Amino acid sequence: MGLATSESAFTRGTEYSLSRLDTFTDLFKKYGINWARKYSLWPMPFGTACCGIELMAVGASRYDIGRFGAEAMRFTPRQCDLLIVAGRVAIKMLPVLQRIYKQMSEPKWVISMGACASTGGVFDTYAVVQGIDQFLPVDVYIPGCPPRPETILEGLMAIQRIVENDGVKSSAERGRGLGMVVDAPVQVAVPLNVEKSVN
Ligand code: SF4
């Protein structure tokens, strides 16, 4: 009888310890591993048109994508986990884009940057893909023609939020992508004579 009681106490104690360990592991995953992951995204830029130039501006000193830990743009898909499609995609280029996506490591995310990548933009022709989401799982759409660098950073932060909230499942598990649309940040117009008025 006494032995049975001590055994059940032992079992309860073990279960309690394991549940505490699970909680600790979850917290460590969310606030440790996912925190590190969100600040070490490695983008694969697929720039085909003018949006690609705007993407370059995000890497330069004024907007400095390095502040978000995503400045290591690689041109080798196997080392990347964030595909940024910047510009229109011709039907002939589509197999190349799909191959690049397949070569990227899991878990991976996709940003569709600008009107052309998301909808074909003004290029409503048989030769241009009318939205890459017909062929790739897009997680974040960045609106604009072209999107301003601030909006691109908004899109990057949206991906970071996905990662932080444990959205690190493989793309096969996540299905067709999360399809989030970011808003362009509000631009505040600063009058040119602001210094004069202050003085
Ligand atoms: S969305 Fe506008 S800026 Fe971007 S590739 Fe198309 S035409 Fe160029």
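**A loop, a ligand and a spread-out chain**

Guide: Pro-146 lies in the loop between β4 (140-142) and α5. Helices (H or I, at least four residues) and strands (E, at least two) are DSSP runs, numbered from the N terminus. This is a predicted model, where local features need pLDDT of at least 70, side-chain atom pairs count only at pLDDT 80 or more, and totals for chains, interfaces and linings use all residues. Residues are numbered from 1 along each chain as its sequence is written.

Visitor: Which residues surround the ligand?

Guide: Cys-145 and Pro-146 are among them, as are Cys-50, Arg-88 and Cys-116. A residue is near a molecule if its C-beta atom, placed from the backbone, lies within 6 Å of it. α4 gives the most to this shell, with three residues.

Visitor: Why is Asp-64 called partly exposed?

Guide: Asp-64 has 13 C-beta neighbours inside 10 Å, so it counts as partly exposed. The rule says buried for 20 or more other C-beta atoms within 10 Å of a residue's own, exposed for 12 or fewer, and partly exposed in between, with C-beta atoms placed from the backbone. Asp-64 also has a positive phi of about 50° although it is not a glycine. Most residues other than glycine have a negative phi.

Visitor: What is the span of helix α5, and how does it compare with the expected one?

Guide: The 16 residues of α5 (149-164) reach 22 Å from first C-alpha to last, close to the 22 Å expected at 1.5 Å a residue. The expected span is 1.5 Å times one less than the number of residues. Buried residues in α5 include Leu-153, Leu-156 and Ile-159. Just after α5, Asp-166 takes a positive phi of about 65°.

Visitor: How many helices and strands does the protein chain have, and why is it called more spread out than a compact globule?

Guide: The chain has seven helices and five strands. Its radius of gyration is 23 Å, well over the 16 Å that the globule rule gives for 199 residues, so the chain is more spread out than a compact globule. That radius is taken over C-alpha atoms, and the rule is 2.2 Å times the number of residues to the power 0.38.
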